[in-house]
Protein chains: 2
Amino acid sequence: MSNSVSTFDRVAIMGVGLIGGSIALAAKQRGVAGCIMGIGRDAARLAAAQKLGVIDEFSTSPEACSTVELVVVCTPVNRIADDVAQALQNTPETVLVTDAGSVKASIVADVERQSSQSARYVPAHPLAGSHSTGFEHANADLYNGRLCVLTPTPANTASGIARVRALWEGLGMRIQVLAPDAHDRILALTSHLPHVGAAALADLVTPDQLEFAATGFRDTTRVAAGDPELWTAIVERNSAQLTAGIDALIDSLTAFREALINNQTENVRSFFQRAQRLRSQFHDADSQPHQSHE
Amino acid sequence: MSNSVSTFDRVAIMGVGLIGGSIALAAKQRGVAGCIMGIGRDAARLAAAQKLGVIDEFSTSPEACSTVELVVVCTPVNRIADDVAQALQNTPETVLVTDAGSVKASIVADVERQSSQSARYVPAHPLAGSHSTGFEHANADLYNGRLCVLTPTPANTASGIARVRALWEGLGMRIQVLAPDAHDRILALTSHLPHVGAAALADLVTPDQLEFAATGFRDTTRVAAGDPELWTAIVERNSAQLTAGIDALIDSLTAFREALINNQTENVRSFFQRAQRLRSQFHDADSQPHQSHE
């Protein structure tokens, strides 16, 4: 099963869902991994993923990690720290571990608490998502052209960071390096707070009012359709940074409210102007400019 | 220019931009109007619209309205009341006036204050938007299958309401009837507050953080790219209802924050579950289900 031109001879994917499956497909197609082993709890699901060609082999035993060079933990965010610690425990000292979690600092802290081997864990957050779940919807291009944030710790070695970087770059991703705390502070504002805001806005509308909602509501609240379990785990894992973001959002809404009731047209206008200016600087591969005045 | 099978022989569109132009095109194509007169300030722009076939004739004088059966005021929301009052003043008592404004109660109140002829004004809000502006982007299908809210006043006659309804239905729209206040209360929650929330979320992010924003940010803040002048006018015209909405949003965010910092997982989860349940009941012609866990 080995491939002499692959970046990695053998890679284990722990948690073969949409994310793990997409990493597996991309790693094979791009010659990043010679052989992909899927590791999970459900043998029937893993066998189906193997039959579909998403993984080459599988095991329900985390100890099977011992034969690979790199373990990529793709389980839900509230299980990542345990799974990383388990992967470290079951692998020799040459094996690296990375992950795909949306939150970093609390996972890093938990891994360091649970494992003496945490120097071999190089944390990562590939920024891509999909409306689908399950390896059946895995897509080799999910990560192509997207950003991956690496949040190495002082314990990581330069060569370990470089090897993990090679995995994510090999999937077609751009790389940025941040400290775990900086990652969580920024993602609180660019991802977690928008999700909370979208959910709060959706929660204020009653079903009988939905007939009077159009494209603005559709876009602004779209992420509120996301999995509540997933998002509960994410916000609880980033509660301090998110709380600071919520406070800033409440302050902004309070200032806007004051400007509105006091007829301070200049302040109302500059609020919208600042937002428009910032939003116009955002560019995304999938993005189309869009305005609405429904 | 008359057409014996048209619902209206002659219709005036006051303000020939994207909205007025789209109404004009749809009214002609669907046989709703035999002849469309454009009324505006800029003769060169109106001549260009005529050349493009968006309107049949034009005038820069509001007095030209006197020859039509129906005037549709499609100017920006902060000019609608003045333009409606002017249309009423320049037309005989058989002529009806309607509009396309996103806010209703304050426009109705201003028209009633400015004109003794307000019984002939049947307020309307067609819910459709576009990222483009100007009659060059007018689209005969913009309103097809969309909702139009009529907000008749006690002074309106049944026959006047029926005639105005026939215009909007003739463009392919579904009709709902609400009192002006009810319209503004509901649209504050389904449109104006989401816009303010999107702008506030965008305004918390700095340009250097945008690299770490992905599909969730893209969707949630998309409407913040909208025209600040337009939105300043809309929120100022609906400030009381919007302020109540902002207060409710702040209360919701405050409750979520408390649940988060107190580790009340059940409350955090039920917040996301309620939002997901409501959002899953929203269906839109253009809408695709979409989740993200970037």
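Q: What makes up the lining of the largest cavity in this predicted model?
A: Gly197(A), Leu201(A), Leu249(A) and Leu253(A) line the largest cavity, along with Gly197(B), Leu201(B), Leu249(B) and Leu253(B). In terms of elements, helix 6 (180-203) and helix 9 (239-261) of chain A, and helix 6 (180-203) and helix 9 (239-261) of chain B, each give two or more residues to that lining.

Q: Why is this called a cavity, and how much space lies in it?
A: It's called a cavity because a 1.4 Å probe fits there but cannot get out. About 50 Å³ of space lies in the largest cavity. The structure holds three cavities of 30 Å³ or more.

Q: How do the residues of that lining divide into nonpolar, polar and charged?
A: You get six nonpolar, two polar and no charged residues.

Q: What makes the pair Arg257(A) and Asp247(B) a salt bridge?
A: Their side chains meet at 2.5 Å, N to O. The cut-off is 4 Å, so the pair qualifies.

Q: Why does the pair Asp203(A) and Arg274(B) join two chains?
A: Start with the salt bridge: the closest N and O atoms are 2.9 Å apart, which is within the 4 Å limit. Asp203(A) sits in helix 6 of chain A and Arg274(B) in helix 10 of chain B, so this pair joins two chains.

Q: How many salt bridges does the rule find across the interface of chain B and chain A, and how many does the structure hold over all chains?
A: Across the interface the rule finds 10, and over all chains the structure holds 36.

Q: How do you know that chain B and chain A are in contact?
A: The test is heavy atoms within 4.5 Å, and 101 residues of chain B are in contact with 101 residues of chain A. The area buried between the chains is about 10,000 Å², with carbon and sulfur atoms giving 66% of that. There are also 21 residue pairs in polar contact, both residues at pLDDT 80 or more.

Q: Which helix gives the largest share of the side of chain B that touches chain A?
A: That's helix 6 of chain B, with 17 residues. The residues on that side divide into 49 nonpolar, 33 polar and 19 charged.

How values were computed
Residues are numbered from 1 along each chain as its sequence is written. Chains are lettered from A and ligands numbered from 1 in the order in which they are written. This is a predicted model: local features need pLDDT of at least 70, side-chain atom pairs count only at pLDDT 80 or more; totals for chains, interfaces and linings use all residues. Side-chain values use heavy atoms; hydrogens and water are left out. On a 1 Å grid over the protein atoms alone, a cavity is a set of points where a 1.4 Å probe fits but cannot get out, and a pocket is an open set with protein on both sides within 12 Å along at least five of seven lines; lining residues have an atom within 4 Å of a point. Grid points are joined across faces, edges and corners, and a volume is the space filled by probe spheres set on the points. Helices (H or I, at least four residues) and strands (E, at least two) are DSSP runs, numbered from the N terminus. Ala, Val, Leu, Ile, Met, Phe, Trp, Tyr, Cys and Pro count as nonpolar, Asp, Glu, Lys and Arg as charged, and the others, Gly among them, as polar. Buried area is the accessible area (1.4 Å probe) that two parts lose on being put together, summed over both. A polar contact is a pair of N or O atoms within 3.5 Å; within protein, one must be able to donate a hydrogen and the other to accept it, and residues adjacent in sequence count only if both atoms are side-chain atoms.
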